[in-house]
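Hi there,

Here is the structure I promised to pass on. My notes follow below it; have a look whenever you find a moment.

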Amino acid sequence: MPVPLSPDEAKAFLDSDAAPAAYLDLLDAVSFRAVGAALRLGVFEALADGPLPVDQLAARTGGDPLGLRILLDALVGFGYLTSADGAWANSANTSRWLLRAVPDSFAPALSFWSALLTHWWQDLEASIRAGGPTGDFYAWLEQRPDVLADFQTMLRRLAAVLGEEIVELLPVPAGARSLLDVGGGHAGYPVAFLTAHPQLRATVVDLAGALAQGAETVAAAGLTDRVELRAGDLFTADLGAGHDLVLLFNIVHGYQREQTLTLLRRAAAALRPGGRVALLEPLAEAPDRPAGPGEAFVRMFSLNLFHTQGGRAYGYHELVDLLRLAGFTDVRQRLLTRSDTDHLVTAVLAG
Ligand SMILES: C[S@@+](CC[C@H](N)C(=O)[O-])C[C@H]1O[C@@H](n2cnc3c(N)ncnc32)[C@H](O)[C@@H]1O
């Protein structure tokens with residue numbers, strides 16, 4: 001967690017050159033690495049039912065008692081744990097956000113980002129020098145079922161938060177029959193649409209590993225007979241034709257202009273005239289987004305996209321330009337009320 005600073009300390013670090021601000025980053029980086037280790041070691045789950053002394057915690061997690069104790073003390077310093085009377089306990093924030101059984105737990109997101117930053121970000125300089133990623137991010141994910149499951153769970157939970165508003169914002173005419181979700185993986189968004197619109201059917205195209213969670217989401221919603229999960233590549237798979245609505249959620253930011261244009265043209269070819277495409281994207285240069293963590297996240301995310309996939313966060317006007325080139329009109333965007341980063345961008349295929 002960010003190191004707590006008094007106003008004078010913050011001023012010395014951030015508003016003057018009296019002390020190196022990078023020292024704070026060093027401490028925060030160690031805090032992030034330590035909480036990832038604790039998550040993977042099962043420390044927070046082991047403390048879910050109450051405080052434990054270190055020897056019992058070591059027995060439950062399988063860790064070395066001395067190493068574990070030093071990690072626990074660091075986590076107390078960073079605010080993830082508390083200690084009293086020779087026992088350690090989860091802090092209130094840890095109990096609320098880092099236990100996996102909590103429905104909107106942050107644990108899958110933290111676990112995913114921890115794996116990503118520990119593995120992929122070690123050669124950040126290389127992608128900046130080379131001008132592109134040093135590997136295939138989605139192939140890397142598909143080879144790591146645990147990280148892939150955390151990634152898709154993180155996105156599925158976001159879909160549970162954002163889905164209702166997105167369904168409200170996207171008009172689906174009474175005659176609409178068919179929705180295509182390109183790169184829809186966990187299938188949370190098509191499930192939200194099909195639940196609200198009983199006449200709709202959906203096709204979800206994604207890689208086989210990603211669709212495993214999609215199959216679970218669809219089955220849990222009782223929608224198996226209305227959803228086709230189609231394993232294939234976004235750039236080559238048969239996307240069908242005549243769909244009323246195409247979702248491209250969190251997809252185009254993985255690519256630069258040419259490939260994004262290819263994907264938008266594929267979406268256009270899969271739609272009926274007058275059909276709608278919808279993109280969900282964290283936009284760069286978004287005037288309606290308040291300053292703060294959301295803005296910081298988008299900058300970090302854009303760097304991550306470039307490093308891991310050769311993509312980036314797009315500006316709205318760039319997307320308008322690309323959508324028009326692909327044959328779309330009536331482009332609109334809106335920052336979702338339950339997010340400080342996610343913009344819904346919609347456009348209509350010229351008839
Ligand atoms: C960032 S996730 C977005 C998932 C979902 N649309 C959402 O917004 O929550 C990108 C998705 O695209 C899929 N994907 C990436 N590259 C792909 C490719 N070449 N072919 C098929 N699917 C791909 C991934 O497996 C993943 O499910």
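A definition to begin with: axes are lines fitted to C-alpha atoms, for helices over the stretch in contact, and angles run from 0 to 180 degrees between N-to-C directions. This is a predicted model, in which local features need pLDDT of at least 70 and side-chain atom pairs count only at pLDDT 80 or more, while totals for chains, interfaces and linings use all residues. Residues are numbered from 1 along each chain as its sequence is written, and side-chain values use heavy atoms, with hydrogens and water left out.

Now the helix pair. Helix α13 (residues 257–270) packs against helix α15 (residues 316–325) at about 50 degrees, and their axes are 9 Å apart (helices, H or I, have at least four residues and strands, E, at least two; both are DSSP runs numbered from the N terminus). That angle makes α13 oblique to α15 (under 35 degrees is roughly parallel, over 145 roughly antiparallel, 65 to 115 roughly perpendicular, and the rest oblique). The contact (heavy atoms within 4.5 Å) involves Arg257, Thr260, Leu261, Leu264 and Arg265 of α13, together with Glu318, Asp321, Leu322, Leu323 and Leu325 of α15.

Then the sheet. Seven strands form an open sheet in the order β5-β4-β3-β6-β7-β9-β8, with mixed pairing (two strands pair if DSSP finds at least two bridges between them). Its edge strands are β5 (227–231) and β8 (328–335). β8 pairs with β9 (residues 342–349) in the antiparallel sense over six bridges. Helix α10 (residues 145–169) lies across β6, β7, β8 and β9, at about 40 degrees to β9.

Best wishes
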